[in-house]
Each structure stands twice: as structure tokens, then as C-alpha cells.
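Hello,

Here is the structure I promised to pass on. Please have a look at it first, and then read my notes below.

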Amino acid sequence: MARGIWGVDSAQAVTDQLFQCVRTELGYPKFWGRYLSEVPNVSEGLTRDEIARIRSYGVKVLPIYNAFREAVGYANGQVAARNAVFHARRLGIPKNKLLFANIEDFFAVDAAWIAAWVETLYPTGYRPGLYADPTKGDFAAAYCEAVSRNNQVAVQAVIWSAAPRPGTTKEQKAPRYQPAAPPCSANVWVWQYGRDAEVCPVDTNLADRRLLDFLY
């Protein structure tokens with residue numbers, strides 16, 4: 001796949017002003033990553049009104065769950081998955097859509113948490129997604145250990161890779177689709193190739209076309 005589908009994500013809520021900034025300065029996103037709940041000083045939480053606004057532009061919503069600070073332990077992974085499902089239902093996001101766990105590269109992460117996220121989410125009808133950097137921190141080793149214990153993790157989960165990071169660009173200048181991947185079986189369908197664009201407060205992403213069917 002040469003280019004991939006271009007999209008953005010933001011910690012800020014999507015207003016008409018922010019959307020026009022992105023459209024004018026960067027490009028027309030096919031999807032927009034936004035957070036399922038408010039985390040003080042980190043992210044503004046989605047509302048039904050905001051989802052309706054994003055969808056009115058012909059843009060799909062990529063839901064992110066980030067109300068955790070480490071990804072360790074099976075029980076904690078179960079709690080995170082249940083909370084993500086609660087918020088998705090509260091916001092009217094239908095089943096068969098991806099919910100991405102936001103695992104930053106400085107988080108502690110283990111195989112048990114990843115397995116729990118996938119094994120708890122999948123039976124609810126939602127699809128398990130994992131945002132992570134396969135080149136830094138503990139994620140790649142933990143993910144591959146989870147896959148070795150249960151291959152359904154590799155089958156059911158979608159990875160949103162945060163590496164490499166050549167930097168934000170306009171849609172027309174986006175790089176070829178070459179995300180970093182864990183050293184084992186993985187569906188790496190999204191790539192955040194740039195963070196914190198100067199012109200608008202968004203990150204820039206490319207995605208495999210298959211992703212769009214699983215976004216709202």
C-alpha cells in the first residue's frame with residue numbers, strides 16, 4: 001500500500017474552528033481520533049454532540065480510551081476494557097467499532113493487561129485496538145508474549161503504531177505507509193507519523209483502508 005488514508009487525532013474537542021484549521025492548513029481527514037472520556041490536563045472527552053459534528057463533515061470517529069497510567073495486570077486490563085465499553089455505549093458508538101487503548105511509550109505494560117484488553121473487549125462486540133510505540137518501552141515484548149499465549153490477540157487486535165515519527169505534514173506531503181510493527185504477528189492498520197502540528201493542535205496519521213469499516 002503506497003500512501004494510506006490520511007487522518008488526525010486531537011486531545012481537544014473538535015469545533016468548527018479546529019476543523020476549518022485542519023482542512024485549510026493540513027488537509028481533509030478521513031478519520032479523527034478522539035478520547036472517550038475527559039482526563040484532566042490531558043484530554044477533553046467526547047460528547048454525542050461532538051460525534052455528530054465530526055460525522056457531519058463526512059469524517060469517521062476513531063475512539064481512544066486513555067483513563068489509565070499503566071497497563072499492568074489482567075484485572076486492570078479487564079477494568080479498562082469495561083470502562084471503555086461503558087463510555088462507547090454512553091456515547092452511542094455502535095458495536096463492531098474499534099476502541100483503542102492509549103499505551104504511551106513510558107507506561108509500564110505487560111502481556112496480561114494486553115490479553116485482558118483483547119479478551120474482555122472482543123465478546124462485547126467492540127473491536128480491541130492498541131495505540132503504542134513498538135520501538136520503545138515494554139509494549140512490543142509484552143504484546144508478542146500475549147500473542148504467544150493466545151494467538152487470538154494477533155487475530156482480533158488492531159495496532160496503531162506511534163513509530164517512526166518523521167513529523168507532521170499536510171495530507172499531500174504524507175510519507176509512504178511504513179509504520180513500525182512488533183516482531184510477531186500484528187495487524188498494524190494505523191500509523192501516527194507526526195505529533196503536535198504547529199498550525200493546528202492535532203497529530204497526523206495514515207491508515208490502511210481496512211480501518212475505515214471499523215470506525216464510527
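The protein chain carries 24 positive and 21 negative side chains, and the centres of these two sets are 8 Å apart. In that count Lys and Arg are positive and Asp and Glu negative, while His and the chain ends are not counted; each charge is placed at NZ of Lys, CZ of Arg, CG of Asp or CD of Glu.

Two notes on the background: this is a predicted model, in which local features need pLDDT of at least 70, side-chain atom pairs count only at pLDDT 80 or more, and totals for chains, interfaces and linings use all residues. Residues are numbered from 1 along each chain as its sequence is written, and side-chain values use heavy atoms, with hydrogens and water left out.

Now for the overall fold. The protein chain has 6 helices and 8 strands, in the order β-α-β-α-β-α-β-α-β-α-α-β-β-β from the N terminus. (Helices are DSSP runs of H or I with at least four residues, strands are runs of E with at least two, and both are numbered from the N terminus.) The C-alpha trace spans about 45 × 35 × 30 Å along its principal axes. Of the 216 residues, 55% are buried, where buried means under 20% relative accessible area with a 1.4 Å probe, protein chains only. Taking contacts (heavy atoms within 4.5 Å) between residues at least 6 apart in sequence, 74% join residues at least 24 apart.

Serine 43 sits in the loop between β2 (31-35) and α2 (48-56). Its relative accessibility is 5%, so serine 43 counts as buried. Beyond its neighbours within four places in sequence, serine 43 is in contact with Ala11, Tyr35, Ser37, Glu38 and Asn66. With asparagine 66 there is a side-chain to side-chain polar contact of 3.1 Å; a polar contact is a pair of N or O atoms within 3.5 Å, and within protein one must be able to donate a hydrogen and the other to accept it, while residues adjacent in sequence count only if both atoms are side-chain atoms.

The other is threonine 124, in the loop between α4 (111-121) and β5 (127-132). Threonine 124 has 18% relative accessibility and therefore also counts as buried. Its side chain reaches the backbone nitrogen of tyrosine 126 at 3.3 Å. Leaving out residues up to four places away in sequence, threonine 124 touches Val85, Arg89 and Lys95.

Best wishes

How values were computed:
Buried < 20%, exposed > 50% of the residue type's maximum accessible area, 1.4 Å probe, protein only.
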